[in-house]
Protein chains: 4
Amino acid sequence: MTSLIRFGISLEKGLLYKFDEQLKKRGYTNRSEAVRDLIRESLVKKEWQENKEVSGAITLVYNHHKRELVNQLMDIQHDYHNNILSTQHLHLDEDNCLEIIAIKGRAKQIKELYGKLSSPKGIKHTGFAEATTGNKLL
Amino acid sequence: MTSLIRFGISLEKGLLYKFDEQLKKRGYTNRSEAVRDLIRESLVKKEWQENKEVSGAITLVYNHHKRELVNQLMDIQHDYHNNILSTQHLHLDEDNCLEIIAIKGRAKQIKELYGKLSSPKGIKHTGFAEATTGNKLL
Amino acid sequence: MTSLIRFGISLEKGLLYKFDEQLKKRGYTNRSEAVRDLIRESLVKKEWQENKEVSGAITLVYNHHKRELVNQLMDIQHDYHNNILSTQHLHLDEDNCLEIIAIKGRAKQIKELYGKLSSPKGIKHTGFAEATTGNKLL
Amino acid sequence: MTSLIRFGISLEKGLLYKFDEQLKKRGYTNRSEAVRDLIRESLVKKEWQENKEVSGAITLVYNHHKRELVNQLMDIQHDYHNNILSTQHLHLDEDNCLEIIAIKGRAKQIKELYGKLSSPKGIKHTGFAEATTGNKLL
């Protein structure tokens, strides 16, 4: 059981108004929950900055007809197979693939992997979602 | 066959130096490829701003022992099943799950889905990787 | 709401005994549920025989260092991209990959795809799990 | 480098004819490759019988509106999280889900997991694809 502590925050009226607007749009029903999410978010950011054990996803979009590229990506992924949990490959159309790589490991190593996957010629886009292993968050 | 056009760019010396540093770190072997990537990146950003058909990944970290949450997430995902290509579920440890949702659809609808997945109580973290369907990029 | 109908089955004593043994091992708590599962199972088998819309999974194990193979598999999958929902790629070790392809479509076409994925030189193993789209089963 | 050894097989004419028919359908271009596949296949079957380290996929089809079932499946999977590499969840329609669980571990434990996932009330279908970790096969 986690016991909740209540405390007050002072905020500019205009800022609070904008915050409430955003909460409504995103479906939040109370401010505490939204503030808790911001705090958790900032803790995860810190995990990444301090090279902690993290998780996340890397997205790649490329044309699978570029044979050399396909093999290059496969090699890079196998070099980092300790950091890769699983890769999801989606055939968007005849030419384009979306590949989503589930990753876990030290933040620095994950960013290194991301850098290597971004640079090969023929990659149309790389995206990145930082996440957490969750075990340091309530 | 795509024909390449060559053109010059003028840049502050210090800025070019920093850019070259970054390229080296990320494994690029020439500047043109790196600039092409920046341009593609900005085009994808625009696809998202202009509510085009896009793809991407949403990451969720949560404790699967929160039964109500598990069912809520399942319901939201099924409501948007036209936008969800596939969901990868990874059991990080006894408590924590990493869920990676592959998505495709209008940018606005994807963001709406993201908002709904972020707000339920018990979610520890949500992440987001913007990507593209690739068919408007070379 | 589905209304249940109750009916009797006569069975050799020895056969019933073996059946009950099996149920215990698999964690069933009553016979009706186990018989219902057998009936559903036989209906799914029929969906496959009668070339209905089905779903399932194809597994591939191969050495990713065989470059030509990697490209061949990618091409076959893109040719059938209407039948492939998503592909999961797992890096088992430095050499070996487990690829799990989620499929949906007419049974005949799925088997055709399976045949094509089985035959390329270098594939170590192919497996197949028949499943259903579920919409014709209660 | 693997050196090939050549040896002869004698076979009934009728059986060879049927075998050749099948090869043609599945896209094989020579008999040796097809026989090699049969031998590998039988070695994998033995890995499963002898409780070796194996890999594979379990498929589940169910209605996600059965809340209790969703939580039960989640719990079973987390109990076996050392054997589960990743789970792919596909939203087939408003009601039906196809879940594909990538597994690795001792054959006996995998079958135990499969038994537990098959029995909960509300599961419409379970399928199973035996595969291998590949490291004992050429």
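Residues are numbered from 1 along each chain as its sequence is written, and chains are lettered from A and ligands numbered from 1 in the order in which they are written. In this predicted model, local features need pLDDT of at least 70 and side-chain atom pairs count only at pLDDT 80 or more, while totals for chains, interfaces and linings use all residues.

**View 1. The elements of chain A.** Chain A holds four helices and four strands, which are DSSP runs numbered from the N terminus (helices H or I, at least four residues; strands E, at least two). Their order from the N terminus is α-α-β-α-β-β-α-β. Because its radius of gyration, 20 Å, is well over the 14 Å that the globule rule gives for 138 residues, chain A is more spread out than a compact globule. The radius is taken over C-alpha atoms, and the rule is 2.2 Å times the number of residues to the power 0.38.

**View 2. The contact between chains A and B.** Chain A and chain B each give 39 residues to the contact, two residues being in contact if their C-beta atoms, placed from the backbone, lie within 7 Å. On the side of chain A that touches chain B, β4(A) provides the largest share, eight residues.

**View 3. The axis relating the copies.**
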